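Okay, thanks for coming, everyone. Let me put the structure up and walk you through a few bits of it.

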Amino acid sequence: VEAAGQRPPEWPRDADLLCGRWELVATTRGGADLLQTIRDQPALGSANVYQDWSRDGDEVRCDNVITIGRPNAGLLSAWTLLAPGTSSSLRLRHAAAVVSAREPLTIDLELDGVVVDGSRPGEDVQTILSLPLPRSAAGEAGLFETTFLDDALRIARAGDALRVFERVADT
């Protein structure tokens, strides 16, 4: 699909195509096998990796979200260290800036905050820790290129890692 070379959107005019929740479905980076194993065996609990893109005027944000869950009290899901029926997420908050709107769309992410949340049985998710990071302390998260983008699929490269994301339907 990446080789098909569909042109990424102009920025910021078509940034709404990028905005929304994207779930990581495949990567050439380490850890992909572990994610797939957990997805294939629900008794282990759940582990998901998302990117949440949003835009408010000219400000564009990308949050990388890692969520683990323990749906039941099974022994195989004890590795999560969560109470049965709960979940927890680590959200790495980034300011996004376009480096190049030409093909491929190249975006620079700068880490500027960390949020940890979790739930208790029968309760909504609540923020446990929210830590803003000053730009001088946060440093760069890095550059990545969007080499394919449509309303359902996104392929991105960061260094030598290829990542495939699928848009999560609105619920």
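This is a predicted model: local features need pLDDT of at least 70, side-chain atom pairs count only at pLDDT 80 or more; totals for chains, interfaces and linings use all residues.

Residues are numbered from 1 along each chain as its sequence is written, and side-chain values use heavy atoms, with hydrogens and water left out.

Strands first, which are DSSP runs of E, at least two residues, numbered from the N terminus. Strand β4, residues 86–100, pairs antiparallel with β3, residues 59–70, over eleven bridges; to count as paired, two strands need at least two DSSP bridges. Look for Ile68, whose bridge partner in β4 is Ser88. β4 also runs antiparallel to β5, residues 105–118, with twelve bridges joining them. There, His94 stands opposite Leu111 in β5, and a hairpin of four residues links β4 to β5.

Now, how much space lies in the largest pocket? About 670 Å³. A pocket here is an open set of points on a 1 Å grid over the protein atoms alone, with protein on both sides within 12 Å along at least five of seven lines; lining residues have an atom within 4 Å of a point. There are 30 lining residues, and among the closest to the centre are Gln51, Asn64 and Arg163. Elements giving two or more residues to that lining include β3 and β4.

Last one: Leu129, in strand β6, residues 126–132.

Notes: On a 1 Å grid over the protein atoms alone, a cavity is a set of points where a 1.4 Å probe fits but cannot get out, and a pocket is an open set with protein on both sides within 12 Å along at least five of seven lines; lining residues have an atom within 4 Å of a point. Grid points are joined across faces, edges and corners, and a volume is the space filled by probe spheres set on the points.
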